[in-house]
Amino acid sequence: MAPAVEVVASGRPDILPVGEAEAAKTLQSIFIRDEDERPKVAYNNFSKDIPIISLEGIEGKDRERVKEEVSNACKEWGLFQVVNHGVPKELVQTMNQLAREFFALPAEEKLKYDMRGGKRGGFVVSSHLQGEAVLDWREICTYFSYPLHQRDYTRWPEKPEGWRDVVDKYSGALMNLACKLLEVISEALGLDAEAVTKACVEMDQKVVINYYPKCPQPDMTLGLKRHTDPGTITILLQDHVGGLQATKDDGLNWITVEPVEGAFVVNLGDHMHYLSNGKFKSADHQAVVNSNSTRLSIATFQNPAQDGIVYPLKLEEGEQCMMEEPITFAQMYSRKMGRDIELARQKKLAKVGVEEAPKS
Ligand SMILES: O=C(O)CCC(=O)C(=O)O
Ligand SMILES: [Fe+2]
């Protein structure tokens, strides 16, 4: 089974869909973040800190170079960009184009694929974690694309025309790219090329298209709140607008990842962090929004099977293990969600406490 969907639709009648809320001049309070969570850096203040790695020659003479660059980026950020990755430009362009057309469809059409109630794939407005007080400023469309035998095409939107076929091709191309990257990442850890893919048992893939409408007060909210991805790696296609931000010092400093034409952003998730015994980081990131343009990003999550074992793949002599015992990915995931829900609950409680406290 694929991992449970980490978001559930709010289903609250008092919350406007983001698309409609966009027209308002001020934000509904449900989108307003606490001050410590709000964006600290502008969506278009681009940084060049994230390495851009060319995959040209990865199967031959350049393998050592790629390995070295990937290794450095994984240690420092858990994040890098790749160019010359072999995914056809036309496929990427069509994917972007049709994704935009999907989000421009009338709400009734998109809601034919409403994901509420735990459905495996489809459309969600203002997704949020169970129990969470504040919503993300985004709409999403999710495809559970691998393993193939679990694909359910009834959850794949039919419109716009040709969309299903393009998502099918895109997910296949990204699966190939992911495997190529996981081989290099394995070697960068001093392991056999297949070690990480083997640890995933049967590779699971989920394609999530994030659509961030223009926002009337972008400084007070987030498109997607700060998080690390749970899985092995995520391959992100972002448009030219900008909004992906990362921190490598636990939120002290943030940078906005520069959109690079034709590139994919690759970020490591928690699974990879554990497999490497903490040598490689899982990227700490968030998405910010803006009042000038809508933004589209397509995140392809490569995850292990639910029963895949999460445990460091190699320990050097005398090296301390970061985990007490091996657990399955399903366990890792539910512990993570449990922690997030508990944090959200505490935050909500603290907020209510402050609001209800008598004024002195
Ligand atoms: O939209 C972005 O740039 C980030 C998306 C992301 O982090 C996610 O979908 O997990
Ligand atoms: Fe993410």
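1. Two strands are said to pair if DSSP finds at least two bridges between them, strands being DSSP runs (E, at least two residues) numbered from the N terminus. On that basis, strand 9 and strand 12 pair in the antiparallel sense over four bridges. The model discussed here is predicted: local features need pLDDT of at least 70, side-chain atom pairs count only at pLDDT 80 or more, and totals for chains, interfaces and linings use all residues. Residues are numbered from 1 along each chain as its sequence is written, ligands are numbered from 1 in the order in which they are written, and side-chain values use heavy atoms, with hydrogens and water left out.

2. Ligand 1 has 13 residues around it, of which Y212, H227, H285, R295 and S297 come nearest; a residue is near a molecule if one of its heavy atoms lies within 4 Å of it. At least two residues of this shell are supplied by each of strand 6 (204–212), strand 7 (224–227), strand 12 (284–287) and strand 13 (295–303). Strand 13 gives the largest share, four residues.

3. Oxygen atoms of ligand 1 lie 3.0 Å from a polar side-chain atom of H285, 3.2 Å from one of N210, and 3.3 Å from an N or O atom in the side chain of D229. The protein covers 96% of the 300 Å² of accessible area that ligand 1 has on its own (Shrake-Rupley method, 1.4 Å probe).

4. H285 belongs to strand 12. H285 counts as buried because its relative accessibility is 7%, where buried means under 20% relative accessible area (1.4 Å probe, protein chains only). Its side chain makes a polar contact of 3.3 Å with that of D229; such a contact is a pair of N or O atoms within 3.5 Å, and within protein one must be able to donate a hydrogen and the other to accept it, while residues adjacent in sequence count only if both atoms are side-chain atoms. A polar atom of the H285 side chain also lies 2.9 Å from the backbone oxygen of A283.

5. Leaving aside residues up to four places away in sequence, H285 touches residues including H227, D229, L244, Q245, A246 and W254 (contact: heavy atoms within 4.5 Å). L244, Q245 and A246 lie in strand 9 (residues 244–247), where L244 and A246 point one way, Q245 and T247 the other way, and all are buried.

6. Strand 9 also pairs with strand 10 (residues 255–257), in the antiparallel sense over two bridges. L244 stands opposite A287 in strand 12, and Q245 stands opposite T256 in strand 10.

How values were computed:
Buried < 20%, exposed > 50% of the residue type's maximum accessible area, 1.4 Å probe, protein only.
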